[in-house]
Amino acid sequence: MDRPLNETRSVCCYCGTGCGVIIQSAGDRIVGVRGDPDHPANFGKLCAKGNTLHLAAVRTGRATVPILRESRAVLPAPTSWDYALDVAAERFAAIIREHGPDAVAFYVSGQLLTEDYYVFNKLARALVGTNNIDSNSRLCMSSAVAAYKATLGSDAVPCCYEDIELADLLLIAGSNTAYAHPIVFRRIEAAKEKRPDLKIVVVDPRRTDTAAAADLHLALAPGADALLYSAMLHVLLWEGLTDPAFIAQHTEGFNALRSQLAELTPGAVAAACGVRAEDIVAAARMFGQAKAPLSFWCQGLNQSIHGTANGAALIHLHLATGKIGRPGMGPFSLTGQPNAMGGRETGTMANLLPGHRNLADPADRAELARLWNVPALPEKPGKTAIELFDALTNGDIKAIWIACTNPAQSLPDLAKVKTALTHAKFVVVQDAWGDTETAAFADLLLPAATWGEKDGTVTNSERRISRVRAAVPPPGAARADWRIARDFALRLDEKLGAGRTAQFAFDSPAEVYAEYVRTTVGRDLDIHELSHAVLDARGPTQWPTGAARLYTDHRFAFPDGKARFIPIDTQLTAETPDARHPFRLLTGRLRDQWHGMSRTGRIPRLYSHEPEPRIEIHPADLQRRGWIDGQLMRVKSRRGEIVLPIAASEEVRPGQAFVAMHWGRRSLSHDGVNALTIPVCDPVSKQPELKHAALRIEPAVLPWRMRVLRSPGLSAEAHEKVIEWRARLAPLLEGFDYAALTLDGRERPLVALRVAAAEPLAIERIEQIADALEMPEGVCLTYRDPAKRVIKRARIDDERLTGILLAGEDLAGNWLRAAMKEGVPIDALRRWLFAPRAEPPVASAAPRRVICNCLDVSEADIQREIAAGADLPALQERLKCGTSCGACVQEIKQLLGKR
Ligand SMILES: Nc1nc2c(c(=O)[nH]1)N[C@H]1C(S)=C(S)[C@@H](COP(=O)(O)OP(=O)(O)OC[C@H]3O[C@@H](n4cnc5c(=O)[nH]c(N)nc54)[C@H](O)[C@@H]3O)O[C@H]1N2
Ligand SMILES: Nc1nc2c(c(=O)[nH]1)N[C@H]1C(S)=C(S)[C@@H](COP(=O)(O)OP(=O)(O)OC[C@H]3O[C@@H](n4cnc5c(=O)[nH]c(N)nc54)[C@H](O)[C@@H]3O)O[C@H]1N2
Ligand code: SF4
Ligand SMILES: [Mo]
């Protein structure tokens with residue numbers, strides 16, 4: 001009998017949009033999710049990632065017990081929490097005693113809850129006595145933090161989502177909102193539809209879905225943002241579109257900047273910016289003439305060697321025109337992770353302290369020491385992410401505690417990161433999943449509870465604090481992050497004899513929160529009257545309590561109340577392409593995948609929009625060099641080399657190459673794009689330039705091919721089964737010249753492996769893969785051609801094809817994949833199974849690219865209706881595509897545009 005459904009209000013654990021969700025559970029299982037109609041971030045809408053959250057509630061791959069590797073000579077083995085935490089405390093205490101507190105470090109994450117952050121932060125500073133606590137927000141928001149602090153005096157987003165409806169110009173800079181903040185983008189689309197005179201300017205080197213929706217797209221040269229916005233400001237000045245009274249009354253530093261701007265005319269910078277001078281002038285006029293300009297920015301600006309200047313140059317436009325602090329206007333940094341904001345508020349970065357305090361400020365340190373009831377807090381600056389991993393390599397830091405982030409996939413120059421993790425004396429990894437790239441380096445792997453199992457709070461991009469609630473208990477022995485940090489603190493305190501037990505006497509996340517809010521008293525983010533109970537009663541609330549917008553009186557957060565203009569760095573990128581490395585790499589996100597894919601990578605349907613890893617290059621570059629679509633390429637930077645199939649794309653310009661950040665060691669035989677990226681940072685924000693590098697691209701000669709597909713067909717356990725197969729295959733990718741492991745399908749999910757090699761694979765390796773997929777020779781149809789070294793094998797269950805292995809010749813791979821996903825009866829396929837034919841023998845088996853993921857509508861279906869004369873409403877009526885989350889509407893419009 002079906003158990004009744006419980007419904008629990010919580011928040012989506014992906015992007016900083018912060019959509020409210022309602023989790024549906026039966027017993028201890030999460031079975032569904034829907035948008036929370038009452039949540040002001042999304043009013044019930046969810047994107048494809050949010051809509052499928054419940055499908056990640058699988059067991060395979062979850063970390064469920066602590067796993068300890070007693071020494072590097074022995075294999076890791078399961079252990080108890082008591083023993084695990086004891087060993088961890090002993091190892092940390094020994095290192096602290098011998099080498100001092102700065103010999104250990106904590107590397108945490110924008111995906112932790114506020115309560116988790118607070119305990120980790122207190123543990124590092126008030127117990128260990130080190131400021132070596134940094135967060136993956138260093139890779140993400142730290143340039144935005146630095147830009148806000150340098151210009152407005154505090155790290156506070158002054159705007160709110162409602163401003164989208166009130167703005168008359170949207171300047172979207174270095175943000176692919178359509179993919180990365182889909183529900184914000186829905187709101188932008190709705191505003192534009194309602195008020196077609198709302199102008200949209202997008203600044204992005206690539207013609208993204210976001211750029212395609214713009215009135216003006218400035219496809220700027222990578223790294224040229226600070227230059228571009230400064231040239232726009234030059235035009236504003238020249239054309240009298242600034243507000244001199246506002247500048248005089250409410251700002252400092254304009255005269256110094258003005259002399260720098262004098263030379264930055266549109267004509268002088270157009271070539272470096274890669275855009276026409278007229279377009280710079282047009283964008284400036286649109287900004288200057290707008291009554292309410294609203295600027296969004298994200299990683300295209302932040303992940304740069306001058307990310308701080310990029311953000312500041314954008315904020316300057318608002319300050320020089322006085323267009324800030326009123327409805328519909330202002331500089332709005334979109335937060336990446338669900339609680340990067342909470343990390344900033346609780347001061348969980350090397351240079352910050354809780355309650356928007358600064359480590360460098362002695363008064364701030366003293367005040368916090370008082371609140372924490374400790375004599376003093378450490379003064380020496382802590383190491384930021386990149387520095388921290390360098391210090392592991394050179395031995396300055398010997399032990400690291402990594403929580404809720406996967407640095408062996410997400411940091412730049414991974415060869416270096418892996419050396420660092422190997423050099424470290426003791427690596428603790430606290431993760432919800434046990435099979436991440438970083439977990440492979442763990443001496444101690446601690447199983448963490450995750451979305452749907454945790455209780456606490458998060459803050460979204462518009463400073464809105466929401467309650468996160470548990471719907472089910474965590475699996476096995478997994479525990480909430482705040483609790484793991486607390487339990488470790490108590491044990492470490494014992495080993496160090498520090499006498500700080502009272503400081504960690506929290507019994508619930510509500511208690512942690514109660515203490516945290518006391519650190520905000522009198523600060524710009526004062527929320528001292530909030531508590532879990534108050535938030536439960538009031539619902540999602542903005543800080544400072546209830547304020548929709550900041551700086552409405554035009555008093556900024558510097559002591560004199562005046563905002564600042566700062567000097568602008570106009571270098572483009574750390575690395576400039578040259579004859580040896582002529583291509584410019586750009587990196588970024590896909591619509592339906594999240595970071596290292598530890599969650600989305602287990603959901604077959606989320607692969608359908610971008611089925612496989614690839615490097616996108618402009619068709620003109622392919623033509624010029626005689627490369628063909630799909631060909632495997634060696635992609636090299638000064639730091640590493642990877643192999644990827646090439647894909648022609650008009651989204652990039654000639655000379656550019658785009659690779660998504662998501663594909664790592666569990667999807668590929670190599671580390672993915674961060675094998676190539678450069679660990680050079682912005683000098684102020686210390687954020688690395690993850691977006692850019694110079695590349696060399698050349699054909700990879702790997703003529704031997706293998707394709708393996710396996711599906712459990714239709715069954716209740718089908719999903720769990722494919723991810724189990726995927727988990728068995730992932731460790732086997734190591735050592736292939738090229739291998740890509742992906743999922744696909746919906747009702748009939750499948751796992752797909754593609755291999756390319758210089759030489760035919762040894763038969764034992766082929767058998768190893770077949771065994772992992774339960775396809776040994778005995779249960780399969782087999783075909784062999786020893787002369788050509790071809791082996792083919794098919795598994796058939798219930799009159800359907802459930803497995804196929806094509807080694808040595810894989811022409812039929814595509815249509816067999818389609819046939820398998822659709823469950824085409826084997827009789828229609830049998831005589832073609834082992835035939836080398838690229839075309840499907842049956843019509844329904846054509847490869848299918850899905851555009852609308854919610855309602856499973858393919859590009860072919862849409863093209864067919866378009867050919868029959870359908871417009872957007874007709875498509876939505878007939879196929880229902882784009883009527884659920886709406887993320888594909890932009891792409892459908894592009895297909896309509898090509899008609
Ligand atoms: N689907 C999905 N959504 C996500 C995430 C995810 O993994 N998947 N992650 C979340 C997180 S943590 C973050 S930080 C955000 C990131 O959100 P975004 O920053 O919007 O996403 P990205 O694709 O990383 O980069 C945005 C754009 O910057 C452009 N760009 C590259 N170089 C430059 C440049 O020099 N100047 C300008 N102006 N633009 C440039 C790229 O072409 C890209 O289109 O997304 C969040 N949302
Ligand atoms: N080339 C390139 N590299 C990039 C970027 C880029 O644009 N280009 N973007 C950068 C940016 S902006 C970001 S934010 C980073 C993201 O990089 P990461 O932080 O490495 O990304 P995730 O894969 O989200 O890692 C989160 C980890 O936490 C685990 N986890 C999930 N929920 C929980 C939980 O509740 N508790 C615990 N303890 N663990 C949990 C997940 O399994 C996963 O392993 O990548 C950066 N790297
Ligand atoms: S936009 Fe999508 S990924 Fe972001 S919070 Fe909302 S549902 Fe989650
Ligand atoms: Mo991020």
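By class, how many nonpolar, polar and charged residues does the shell around ligand 3 have? The shell has eight nonpolar, three polar and one charged residues. Here Ala, Val, Leu, Ile, Met, Phe, Trp, Tyr, Cys and Pro count as nonpolar, Asp, Glu, Lys and Arg as charged, and the others, Gly among them, as polar.

Before we go on, a word on what you are looking at: this is a predicted model, in which local features need pLDDT of at least 70 and side-chain atom pairs count only at pLDDT 80 or more, while totals for chains, interfaces and linings use all residues. Residues are numbered from 1 along each chain as its sequence is written, chains are lettered from A and ligands numbered from 1 in the order in which they are written, and side-chain values use heavy atoms, with hydrogens and water left out.

Let us stay with ligand 3 for a moment. Among the residues around ligand 3 are Cys 12, Cys 15, Cys 19 and Cys 47, along with Tyr 14, Lys 49 and Pro 182; a residue is near a molecule if one of its heavy atoms lies within 4 Å of it. Helices (H or I, at least four residues) and strands (E, at least two) are DSSP runs, numbered from the N terminus.

Now to ligand 2. Around ligand 2 there are 34 residues, and the closest are Asn 136, Ser 410, Asp 431, Ser 598 and Asn 674. By class, this shell splits into eleven nonpolar, 17 polar and six charged residues. Which residues make polar contacts with the oxygen atoms of ligand 2? Thr 405 brings a polar side-chain atom to 2.8 Å from an oxygen atom of the ligand. Cys 404 has a backbone N or O atom 3.3 Å from an oxygen atom of ligand 2, and a side-chain N or O atom of Lys 454 is 3.3 Å from an oxygen atom of ligand 2. A polar contact is a pair of N or O atoms within 3.5 Å. On its own, ligand 2 has 920 Å² of accessible area, and the protein covers 98% of it; such areas come from the Shrake-Rupley method with a 1.4 Å probe.

Where does that leave ligand 2 in the protein? The space that ligand 2 takes is the largest cavity. On a 1 Å grid over the protein atoms alone, a cavity is a set of points where a 1.4 Å probe fits but cannot get out, whereas a pocket is an open set with protein on both sides within 12 Å along at least five of seven lines; lining residues have an atom within 4 Å of a point. A molecule sits in a cavity or pocket if more than half of its atoms lie within 2 Å of its grid points. The largest cavity has a volume of about 770 Å³, where grid points are joined across faces, edges and corners and the volume is the space filled by probe spheres set on the points. Its lining has 47 residues, with Gln 111, Gln 337, Cys 404, Trp 594 and His 595 nearest its centre. At least two lining residues come from each of α19 (407-410), β17 (426-431) and β23.

Ligand 1 has its own place, in the second largest cavity. Its shell counts 35 residues, the closest being Ala 180, Asp 204, Asp 225, Arg 589 and Gln 593. Arginines feature in the contacts here: a polar side-chain atom of Arg 589 lies 2.6 Å from an oxygen atom of ligand 1, and one of Arg 206 lies 2.9 Å from an oxygen atom of ligand 1. From Arg 591, a backbone N or O atom lies 3.0 Å from a nitrogen atom of ligand 1. The protein buries 99% of the 910 Å² that ligand 1 exposes when taken alone. α14 gives the most to the shell around ligand 1, with three residues.

The second largest cavity has a volume of about 440 Å³, and Gly 174, Asn 176, Gln 299, Arg 589 and Lys 691 lie nearest its centre.

Finally, turn to the second largest pocket, which holds about 770 Å³ of space. Of its 32 lining residues, His 54, Leu 55, Ala 57, Val 58 and His 719 lie nearest the centre, and β3 (29-35) and α25 (718-729) each supply at least two.

Terms used: A polar contact is a pair of N or O atoms within 3.5 Å; within protein, one must be able to donate a hydrogen and the other to accept it, and residues adjacent in sequence count only if both atoms are side-chain atoms.
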